Amino acid sequence: MDGAFEISLGSAGTVCVAVERSRRMRRMTLRALPGGRAVVVVPEAMRGNVEEKARRFAEENALWLKRALAKIARRDVPATTTPAQFLRERPRLSAGGKDYALELGTASIEPFFVFRESSPVAVFCLRAESEDADAETLLRKFALRVLPPRALELARRCGVSTGTVSVRAQRSRWGSCSSEGALSLNWRLVLLPAELQDHVILHELAHRVHMDHSGEFWDLLNAWDPETGRHDRELSRRWAPLVFSMLPE
């Protein structure tokens with residue numbers, strides 16, 4: 001998702017920092033999060049290049065952030081998982097604004113999935129000897145099938161135009177929107193609850209009107225998604241550490 005950036009922590013590597021707006025805050029604050037991530041909370045009334053101001057603030061406090069993340073890591077090391085394990089522990093997918101239960105089966109020759117919008121259940125069939133690779137393959141195919149149509153549907157609903165919609169494997173972003181209107185969505189979005197998946201897509205579509213993160217951008221996004229604040233918090237504090245800690249095959 002736009003509104004996130006990486007900063008260097010020296011010998012500790014880099015950290016992805018999200019930007020979150022708050023009507024209650026009167027000054028910027030920096031928070032360390034489980035999963036080796038962080039968030040800069042900025043006042044809702046802040047204007048100008050908010051992301052650049054947040055980046056500068058985070059870099060000025062990089063030493064504190066490094067120590068805070070190390071403390072969290074010692075106290076609560078997040079469990080990593082593989083794609084197949086992830087699906088077994090959380091057997092749900094989202095598509096078209098709805099959540100679907102997921103059933104895992106066994107494939108003998110090639111992995112495949114069965115999905116119909118009219119059914120409350122999707123089925124993924126994996127080969128026993130390569131279930132992690134198969135799970136990721138099917139998740140990417142599923143995302144390619146369901147994410148572009150949903151983005152186009154929401155664009156029509158919001159009255160904005162969009163260019164091509166691609167599905168990719170960003171390492172720390174849920175999606176992006178280019179100045180030409182091309183949307184790039186992370187295949188991992190299908191692992192989110194439907195309302196959060198839609199929130200990410202709406203965020204990118206709002207960049208078709210405002211390419212920055214100005215107050216006008218957030219006003220528009222809040223008009224499209226009145227639960228923007230709650231959705232951003234859920235993404236940064238729960239789902240991003242969970243989903244992005246999933247090990248690739």
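Two strands are taken to pair if DSSP finds at least two bridges between them, and strands (E, at least two residues), like helices (H or I, at least four residues), are DSSP runs numbered from the N terminus. In β11, the strand that holds it, L183 is the bridge partner of V165. The structure is a predicted model, in which local features need pLDDT of at least 70 and side-chain atom pairs count only at pLDDT 80 or more, while totals for chains, interfaces and linings use all residues. Residues are numbered from 1 along each chain as its sequence is written, and side-chain values use heavy atoms, with hydrogens and water left out.

**The sheet with β9, β10 and β11**

- An open sheet of 3 strands runs in the order β9-β11-β10, and its pairing is mixed.
- Because β9 (165–168) and β10 (175–177) stand at the edges with a single partner strand each, one side of each has no neighbour in the sheet.
- Neighbouring strands of this sheet are turned by 15 degrees against each other on average, direction ignored, where axes are lines fitted to C-alpha atoms (for helices over the stretch in contact) and angles run from 0 to 180 degrees between N-to-C directions.
- β9 pairs with strand β11 (residues 183–186) in the parallel sense, over 4 bridges.

**Helix α5**

- Helix α5 lies across β10 and β11 and runs at about 160 degrees to β11; contact here means heavy atoms within 4.5 Å.
- With 13 residues, α5 reaches 18 Å from its first C-alpha to its last, close to the 18 Å expected at 1.5 Å a residue, the expected span being 1.5 Å times one less than the number of residues.
- α5 is mostly covered, since 12 of its 13 residues are buried, where buried means under 20% relative accessible area, exposed over 50%, and partly exposed in between (1.4 Å probe, protein chains only).
- Among the buried residues of α5 are L196, D198, H199, I201 and L205.

**Salt bridges**

- The structure holds 11 salt bridges, each defined as a side-chain nitrogen of Lys or Arg within 4 Å of a carboxyl oxygen of Asp or Glu.
- R230 forms a salt bridge with E195, their closest N and O atoms being 3.3 Å apart; R230 lies in helix α7 (residues 228–244) and E195 in helix α5 (residues 194–206), so the pair ties together parts that are 35 residues apart in sequence.
- R230 is partly exposed at 29% relative accessibility, and E195 is partly exposed at 37%.
- R230 also meets E234 in a salt bridge of 2.7 Å, N to O; R230 and E234 are 4 residues apart in helix α7 and are therefore separated by about one helical turn, and E234 is partly exposed with a relative accessible area of 25%.
- R90 and E89 form a salt bridge whose closest N and O atoms are 3.1 Å apart, with R90 partly exposed at 27% relative accessible area and E89 exposed at 52% relative accessibility.
- A network of salt bridges links R150, E153, R157 and D198.

**Nonpolar cores**

- In the largest nonpolar core, which has 49 residues, L93, F124, W174 and L192 touch the most other members; such a core is a set of buried Ala, Val, Leu, Ile, Met, Phe, Trp, Tyr and Cys residues joined through side-chain atoms within 4.5 Å.
- Helix α4 (residues 131–158) gives the most to this core, with 10 residues.
- A second, separate core has 21 residues, including F5, V19, L30 and L69.

- Strand β1 (residues 4–8) runs antiparallel to β2, to which 5 bridges join it, and the bridge partner of E6 in β2 is C16.
- β1 and β2 form a hairpin with 5 residues between them, and G10 in the turn has a positive phi of about 65 degrees.
- Strand β2 (residues 14–22) has 8 of its 9 residues buried, so it is largely enclosed by the rest of the structure.
- β2 pairs with strand β4 (residues 37–43) in the parallel sense over 7 bridges, and the bridge partner of C16 in β4 is R37.
- T29 is found in strand β3 (residues 29–33) and is buried, with a relative accessible area of 16%.
- Leaving aside neighbours within four places in sequence, T29 is in contact with V39, V40, V41 and F57, whereas the C-alpha atoms of T29 and L138, 109 residues apart along the chain, are separated by 40 Å.
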